[in-house]
Amino acid sequence: MKTPTGKHAVVRGVPDTYYKCIRTGKPEDVPDVTLARRQHQEYCRTLEKLKLELLRIDADDAYPDCCFVEDTAIIVASMAIVTRIGAESRVGESAAVKELLQSRKEIVEIEPPGTLDGGDVLRIGNNIYIGKSARTNTDAISQVKRLVKECGFNVVPVRLKDALHLKSVVTYVGDDTVLTLPGHCDEKCFAEYERIRVPKEEAYAANCLSVNGTVIVSDGYPMTKRLIENEGFRTIPLQMSEFRKGDGSLTCLSIIL
Ligand code: CIR
């Protein structure tokens with residue numbers, strides 16, 4: 001299978017309240033909203049350079065985490081599965097995304113007691129890997145299984161250890177190759193793919209965004225960048241410091257259609 005492709009990317013602005021986002025880092029590492037906006041702008045520009053048309057949603061100050069739009073919906077064929085995010089302060093973020101997607105996709109929704117964050121969902125061809133995390137529960141995974149069965153997709157639950165989301169520790173690079181941070185999930189789930197292992201000291205680099213023939217990587221992780229390039233992929237590094245402070249990364253900032 002070749003690298004993932006897309007025509008559109010849903011992105012959502014960084015709210016004034018972003019400094020209050022959910023985060024687990026050092027208390028003093030408060031995200032700088034102005035710098036986060038600059039980094040977000042560069043992210044958007046890069047997606048456009050990669051031939052994605054942006055579908056923009058305004059930031060909402062009521063939701064400090066709303067720029068992490070990936071968590072609000074997953075796209076499977078003609079369907080948009082609107083999630084129920086597993087963090088209470090974020091549940092309302094999905095409404096604006098649902099409104100935007102309804103003219104393009106058939107909308108279905110995760111129902112309570114299911115909770116699911118898009119960051120836990122990794123699609124590779126017909127396989128949909130879903131992390132069982134503190135945010136995503138087995139009820140939601142069963143709902144996704146039922147919803148996608150008819151379209152021929154196979155759902156694989158993946159138990160996680162010490163990771164916010166599945167895509168914090170495993171992402172798809174393309175050409176049947178995954179980027180993994182060892183020790184955080186059962187790697188046997190991904191045995192059918194080539195694996196690029198991220199060195200422990202570059203853990204944050206395990207989240208990359210591969211689209212339209214290029215792999216966007218976080219800047220400042222030279223070993224991982226080199227490992228990806230050695231496999232023949234073209235990379236573009238982006239500064240992500242302010243999203244890292246908010247426990248988010250490259251895939252979190254868009255939904256690719
Ligand atoms: C959160 O804890 O929900 C946000 N601060 C970070 C979400 C990152 N999203 C993602 O990895 N898909």
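**Entry 1: a threonine in a loop**

Leaving aside its neighbours within four places in sequence, which residues is Thr136 in contact with? Before answering I note that the model is a predicted one, and I keep that in mind for every entry that follows. I find Thr136 in the loop between β7 (127-132) and α3 (138-149). Away from its sequence neighbours, its contacts are Thr115, Leu116, Asp117, Asp120, Ile130, Gly131 and Ile141. I then looked at the polar atoms, and the side chain of Thr136 reaches the backbone nitrogen of Asp117 at 3.1 Å, while a polar contact of 2.6 Å joins its side chain to that of Asp120.

Is Thr136 buried or exposed? I put Thr136 down as buried, because its relative accessible area is 3% and the cut-off for buried is under 20%.

**Entry 2: the nonpolar cores**

I turned next to the inside of the protein, with a general rule in mind: in soluble globular proteins, nonpolar side chains tend to be buried together. The largest nonpolar core here has 53 residues, and within it Tyr18, Leu47, Tyr129, Phe190 and Phe243 have the most contacts. Helix α1, which covers residues 33-49, gives the most to this core, with five residues. Apart from this core I found another one of 16 residues, which includes Ile74, Met79, Ile141 and Phe153.

Val14 is found in the loop between β1 (8-12) and α1. I count Val14 as buried because its relative accessibility is 5%. Leaving aside neighbours within four places in sequence, I list Val33, Ala36, Arg37, His40, Ala59, Cys67 and Phe243 as the residues in contact with Val14. I also looked up its separation from Thr46, which is 32 residues away along the chain, and the two C-alpha atoms are 17 Å apart.

**Entry 3: the ligand**

How many residues surround the ligand? I find 13, and the closest are Ile22, Asp65, Glu70, Arg90 and Gly246. Sorted by class, this shell holds three nonpolar, four polar and six charged residues.

I then went through single atom pairs. One oxygen atom of the ligand is 2.8 Å from an N or O atom in the side chain of Arg135, and an oxygen atom of the ligand is 2.9 Å from an N or O atom in the side chain of His165. On the nitrogen side, a ligand nitrogen atom is 2.7 Å from a polar backbone atom of Gly246. Taken alone, the ligand exposes 350 Å², and the protein buries 98% of that.

**Entry 4: backbone angles**

For this entry I started from a general rule, that most residues other than glycine have a negative phi and that most peptide bonds are trans. I went looking for exceptions.

Ala77 has a positive phi of about 55 degrees although it is not a glycine, and its place is in the loop between β3 (73-76) and β4 (79-82). Asp176 also has a positive phi, near 55 degrees, and lies in the loop between β9 (170-174) and β10 (177-180). I noted the exposure of both: Ala77 is partly exposed, with a relative accessible area of 41%, and Asp176 is partly exposed as well, with 31%.

The peptide bond from Pro112 to Pro113 is cis, with omega near 5 degrees, and I place Pro113 in the loop between β5 (106-109) and β6 (121-124).

**Entry 5: an arginine in a strand**

I call Arg197 partly exposed because its relative accessible area is 44%. Leaving aside neighbours within four places in sequence, Arg197 is in contact with Thr180, Pro182, Glu187 and Leu227, and a polar contact of 3.3 Å joins the side chains of Arg197 and Glu187. I finally looked at Leu179, which is 18 residues from Arg197 along the chain, and found the two C-alpha atoms separated by 6.0 Å.

Methods:
Residues are numbered from 1 along each chain as its sequence is written. This is a predicted model: local features need pLDDT of at least 70, side-chain atom pairs count only at pLDDT 80 or more; totals for chains, interfaces and linings use all residues. Side-chain values use heavy atoms; hydrogens and water are left out. A nonpolar core is a set of buried Ala, Val, Leu, Ile, Met, Phe, Trp, Tyr and Cys residues joined through side-chain atoms within 4.5 Å. Buried means under 20% relative accessible area, exposed over 50%, partly exposed in between (1.4 Å probe, protein chains only). Helices (H or I, at least four residues) and strands (E, at least two) are DSSP runs, numbered from the N terminus. A residue is near a molecule or strand if one of its heavy atoms lies within 4 Å of it. A polar contact is a pair of N or O atoms within 3.5 Å; within protein, one must be able to donate a hydrogen and the other to accept it, and residues adjacent in sequence count only if both atoms are side-chain atoms. Accessible areas come from the Shrake-Rupley method with a 1.4 Å probe; for residues, only the protein chains shown count as cover. Ala, Val, Leu, Ile, Met, Phe, Trp, Tyr, Cys and Pro count as nonpolar, Asp, Glu, Lys and Arg as charged, and the others, Gly among them, as polar. Contact means heavy atoms within 4.5 Å.
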